[in-house]
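Trainee: I have a model open and want to go through the packing. Can you take some questions?

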Amino acid sequence: YWELAGDLHKAAADNLPRNAAGQFFGYNRAAVLYFHAGEFDDARRSMEDAAEVAAATGVFYTAANAYVDAAFVAIAEGYAGKKREFVREAVELADSEWVTAEEKADIMARIDGAPAGPASARVALAMRLGSPTTLAAD
């Protein structure tokens, strides 16, 4: 069911105008649902979409964190090249004048504490993203 729910959130986001406020929400939720369904490729792509929307709308701290989440998904699937790409994006956003020193420190701490392997990445993401059943509370 989580994969189907992810598909629905992604489709809803895809059907909104590019960079509409609801797109970040839809892609982010899709990523969480795909992650819990074990669909890491879809989770990574949806989190990247969420990060791109946040960056395009000027919400750089949120975008950087979404890129770090995407990097963690890449670690979970053993995709080191994508991990490096997402970390570069997150660092670039963290260096923005629109990100406070405290926010930058938070982003860099997440990057510095990145899990070393797939199993620890899955645990770290599960802790950060929560359970799909908690999504209903939002």
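This is a predicted model: local features need pLDDT of at least 70, side-chain atom pairs count only at pLDDT 80 or more; totals for chains, interfaces and linings use all residues.

Trainee: Core then. Which residues touch the most other members of the largest nonpolar core?

Mentor: Ala90 and Ile107 do, in a core of 31 residues.

Trainee: Which elements give two or more residues to this core?

Mentor: Helices H2 (21–37), H3 (40–56), H4 (60–76), H5 (80–94), H6 (101–112) and H7 (118–129). The largest share is from H4, with 11 residues.

Trainee: And what does Ala90 touch?

Mentor: Leaving out residues up to four places away in sequence, Ala90 touches Ala64, Tyr67, Val68, Ile107 and Ile111.

Trainee: Switching to H4 and H6. At what angle do the axes cross?

Mentor: Roughly 5°, and the axes come within 10 Å. An angle under 35 degrees counts as roughly parallel, so H4 is roughly parallel to H6.

Trainee: Which residues make the contact?

Mentor: H4 supplies Tyr61, Ala64, Asn65, Val68, Asp69 and Phe72, while H6 supplies Glu103, Asp106, Ile107, Arg110 and Ile111. By class, the residues of this contact are six nonpolar, one polar and four charged.

Trainee: Now H3. How many residues, and what reach?

Mentor: H3 has 17 residues and spans 24 Å from first C-alpha to last, close to the 24 Å expected at 1.5 Å a residue.

Trainee: What do the buried residues of H3 pack against?

Mentor: Helix H1 (2–14), H2, H4, H5 and H7. Among the buried residues of H3 are Phe40, Met47 and Val53, and also Arg44, Glu48 and Asp49.

Trainee: What about just after H3?

Mentor: Gly58 sits there with a positive phi of about 85°.

Methods:
Residues are numbered from 1 along each chain as its sequence is written. Side-chain values use heavy atoms; hydrogens and water are left out. A nonpolar core is a set of buried Ala, Val, Leu, Ile, Met, Phe, Trp, Tyr and Cys residues joined through side-chain atoms within 4.5 Å. Buried means under 20% relative accessible area, exposed over 50%, partly exposed in between (1.4 Å probe, protein chains only). Helices (H or I, at least four residues) and strands (E, at least two) are DSSP runs, numbered from the N terminus. Contact means heavy atoms within 4.5 Å. Axes are lines fitted to C-alpha atoms, for helices over the stretch in contact, and angles run from 0 to 180 degrees between N-to-C directions. Angles under 35 degrees count as roughly parallel, over 145 as roughly antiparallel, 65 to 115 as roughly perpendicular and the rest as oblique. Ala, Val, Leu, Ile, Met, Phe, Trp, Tyr, Cys and Pro count as nonpolar, Asp, Glu, Lys and Arg as charged, and the others, Gly among them, as polar. The expected span of a helix is 1.5 Å times one less than its number of residues.
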